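Good morning, everyone. Please look at the sequence and the model on the screen while I talk.

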Amino acid sequence: MSNSTASRAFANLNGNYELKGSAGRQQKAVTVDGVTLNGPLSDNRDGERFLEDAFQIIMNEAVKKGTDVTEKVCDWKEPGKLREMLDLELRETGENHERLLQRCHDVAKYSVKTSHPRFFNQLFAGLDHHSLAGRFLTEALNSSQYTYEVAPVFVLMEEVVLSTLRSLIGWDSGDGIFCPGGSISNLYAMNLARYRAFPEVKQRGLWAVPRLAVFTSKECHYSVGKSASVLGVGLQNVHPVKVDERGVMIPEDLDEQIENAKSQGSVPFLVSATSGTTILGAFDPLDKIADVCGKHKLWFHVDAAWGGSALLSKKHKHLLKGIDRADSVAWNPHKMLMAGLQSSAFLMKDSSGLLKQCHSANATYLFQQDKFYDMSYDTGDKSIQCGRKVDCLKLWLMWKATGTLGLEQRVDRAFAYTRYLVEEMKKRGGFQLVVEPQFVNLCFWYVPPSLRGEEGSEGYQEKLSKVAPTIKERMVKKGSMMVGYQPHQDKVNFFRLVVISPQITRADLDFFLDEIESLGRDL
Amino acid sequence: MSSLICENGGSSKPVKKNAVLVDGVYLNGPIMDSKAGERFVEEAFPIIMEEAIRKATDVNEKVCEWQPPEELKQCLDLDLREGGEAPQQILKRCKDVIKYSVKTGHPRFFNQLYAGMDHYSLVARFITEAINPSVYTFEVSPTFVMIEEVILKKMSECVGWEEGGDGIFSPGGSISNMYAVNLARYKHCPSIKDEGLSGMPRLVMFTSEECHYSIGKAAAFLGIGTKNVYVVPADERGKMIPEELEKQVQRAVKEGAVPFIVCATAGTTVLGAFDPLEKIADICQKHGLWFHVDASWGGGALMSNKHRHLLNGIQRADSVAWNPHKMLMAGLQCCAFLVKDKTGLFEKCHSSQASYLFQQDKFYDVRYDTGDKSIQCSRRADAFKFWLMWKAVGTRGLEDRVNRALALARYLAEEIKKKEGFRLILEPEYANVCFWYIPPSLRNMPDGPEFWKKLHQVAPVIKERMMKKGSMMVGYQPHRDKVNFFRQIIISPQVSREDMDFVLQEIEALGKDL
């Protein structure tokens, strides 16, 4: 059909193909379609000089100032104003180095310093310099983690890192992969659970099976619901299991929910427990949940994206007792271990190749079967991605530098910060705990003097709900610190303080309490 | 807490005044020496600069330092232990990692659909790593939210959507394709998000036999099933045949199934073919199907006034996957998923309105909290590197690179035709040059099963030899009815005609005795 058109187009191209014997600057300059092909088009030396200049800015503005307690955590600008200040528009022509260095400086200046000792806003914080060097190196090497051919070092390294994480869970064999975030790990878990229960779904889709049912607690991460939607299982087939007042799943209710779902004709296939819930930091009772899963023969997934790092601590790993009975675990070392975004491991107990069978497509252009090395090292077909970033190097390098004991020390210290803050809050007036923390999520209300003693009065909850957003606005505009707040279930807005970085000192903790008081006492 | 002790000096332990001990852990002072950490980064940088950047892009250095897996394990000492190691030892480890890693920025790395090194992008990537942002809210990532918005708008303009659209950067083109299928399904029937596929009529999607394997993976993952991907035949150049698409759609309808999406490809993985988008758009329009274009690889051609005709009709797509980390060298990963819809369909499809992240009573315009569009929660700032690179080289600079890559591909194809022992599989439309090398021993063999069987074994041996020598890397594969052939990919502006000549000489040198 389009063959004749194509060959015409090609004849056209041919017409422009010329060999310049002596006309050009260089000998035998070759021009095709008006493009001279001799020598490179870009100047590496020039690029390297730029990189060296920029490195100084990165060190000063992002690394040093970004972790300096005397600097601001953020330099707040309204969206419209920020867009204007950064001059974001892209144009026909390029800019000179000086201008570009200024842009690097500006981006660093107006970005939130997530490594700052007073950034408590998310479930990640702090800066590990060894990890950072590993990340720079990862970027410079620009490897894609699909085959041993292209990423030999990282294929082997990923396996060692995953195996080390698995051994902390208590598995001496298994499988796994690094994912672009814990949400994707949870997606993997659901797909694998479905594949084990109903392998025909991979080819025939969900029409081949009855209505499926997933079980997770009301306190689970929102990605479990997202997973159900994306996988075609449907959000309404995720059955929320009741929790106690600390946010911990009630195993008896799990059992009841499973029976209910069965009686309604659904087929349960997965229980997703949480170790370290997002808001309250609660740990589900894994042993008891494992019993229920065993009874009903369900896949047992543990979302330990946040709480998994407690496994490094001899003192605190009891929180995850029973995790070795899981079929799969999501664990993000970019959170408490500070490996840098993203470092999210999806770990499996199965070592029969289920992960690969579930996801493989056997692309011949990537996973050729006649390679000259052992192709079991081409691990990319386990993934739902094709190109995949190297996420193991930063964690590996940090672990080599810090050692397992050093990481344990960080985890223990994060728990101790929380303990200290709880005690301090109890001593001070105006701070009210939402729940006694199991983990390092410290949830509390700040009650300004005007509301103290008014508990239970009409409009109290309404007034209290407005306190946190106002304090948050003030702290961001001042740039003194950042901490998150949210309403949750029947509770009005409260702060969730998360302290993990080993760069933090007791003085920062005291500062935090003083600053909340100072920003909110007039409310 | 009984374990909470304040020691006010006087103790025998060498701690500061007012040392606070909780659960046996001292809380005074940091447990990490930031100054020492900074020194480490400053010492690591020159190593990265010299070994992973300068030497890694130096044509006189090796592309790879091959070691079989078991030997490499020995070289690297990968095991993780109780104690930490000294900075000098860690620096040595960095050097080893670099030494044994494949230099994908090397001018003779032609193995994948990405190559080369852009230093501007690399600077932005270092900044991203140092700042460690997660792009879900304006609160946490003000700069990167804004930059992503501008880049997506600019890319939408390149696609030809005059009035902009919607989109997000995703961790890879495979995930972008998955987004497309999920979004098309949501548009077709929004209740699937809540109710799932159970009880729904069977859905069917369409793509060509030359499509990327991620379309099938997406179907499996989303619960649609690989058998419900109806494969449309392609012509001898690898382009989807629109008349065959029409037949497949009618077949599905006749079966009582419900067609909902066509995934066309602009720049196929192996042959670099471009599906006829205008004709496919007509069919999509006629049947009311979502029209997705996987331009992960071919999207780069949109930057070139000379070559963008390859994607004529893309402006009619409902969604586009386009990876600037491929042809435009933005660095892994940089993958845009673009949506024409501006009514918020994308966010509605994926949102779950987590109250802890997307609070509705924030003090700024919460429309800038874009993270709920994503199936991820934390998400890397992948737009920034593309933005800084674009600022540095300008639209024209990007266009020059694309033009040059395609001109080099043209040159290589012509040289292959001239050179004895090389046979072009097909005239390249894009930057994939697919060819056989036929060693002297096979040149006089009659065309028959024996010839093809022997030829099939040639590329793997040459590949093994080039990797062991470290002289270059180029991919090969069997493809449909064709035995193993090389697929040379040309992207980088650091590559020149001399490198093209080298490729042919080297393949000949490595394979002439076969």
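Two strands pair if DSSP finds at least two bridges between them. Strands here are DSSP E runs of at least two residues, helices are H or I runs of at least four, and both are numbered from the N terminus. A word on the source: this is a predicted model, where local features need pLDDT of at least 70, side-chain atom pairs count only at pLDDT 80 or more, and totals for chains, interfaces and linings use all residues. Residues are numbered from 1 along each chain as its sequence is written, chains are lettered from A and ligands numbered from 1 in the order in which they are written, and side-chain values use heavy atoms, with hydrogens and water left out.

Start in chain A. Strand β9 (residues 299-303) runs parallel to strand β10 (residues 328-331), and three bridges join them. A:V302 stands opposite A:V329 in β10(A). On to strand β11 of chain A, residues 344-348: β10(A) pairs with β11(A) in the antiparallel sense, over four bridges. There, A:W331 has A:A345 as its bridge partner.

Is β10(A) covered on one face or both? Both: A:S328 and A:A330 are buried on one side, A:V329 and A:W331 on the other. Buried means under 20% relative accessible area, with exposed over 50% and partly exposed in between, using a 1.4 Å probe and protein chains only.

Next, two helices of chain A. The axes of α10 (residues 251-263) and α11 (residues 286-296) come within 9 Å and cross at roughly 25°. That makes α10(A) roughly parallel to α11(A). Angles under 35 degrees count as roughly parallel, over 145 as roughly antiparallel, 65 to 115 as roughly perpendicular and the rest as oblique. Axes are lines fitted to C-alpha atoms, for helices over the stretch in contact, and angles run from 0 to 180 degrees between N-to-C directions. Contact means heavy atoms within 4.5 Å. Among the residues that meet are A:L254 and A:I258 in α10(A) and A:I289 and A:V292 in α11(A).

Now chain B. Five strands form an open sheet with mixed pairing, in the order β4-β14-β15-β13-β12. β4 (109-110) and β12 (422-424) of chain B stand at the edges; each has a single partner strand, so one side of each is left without a neighbour in the sheet. β4(B) pairs with β14(B), residues 473-479, in the parallel sense over two bridges. B:F109 has B:M473 as its bridge partner in β14(B).
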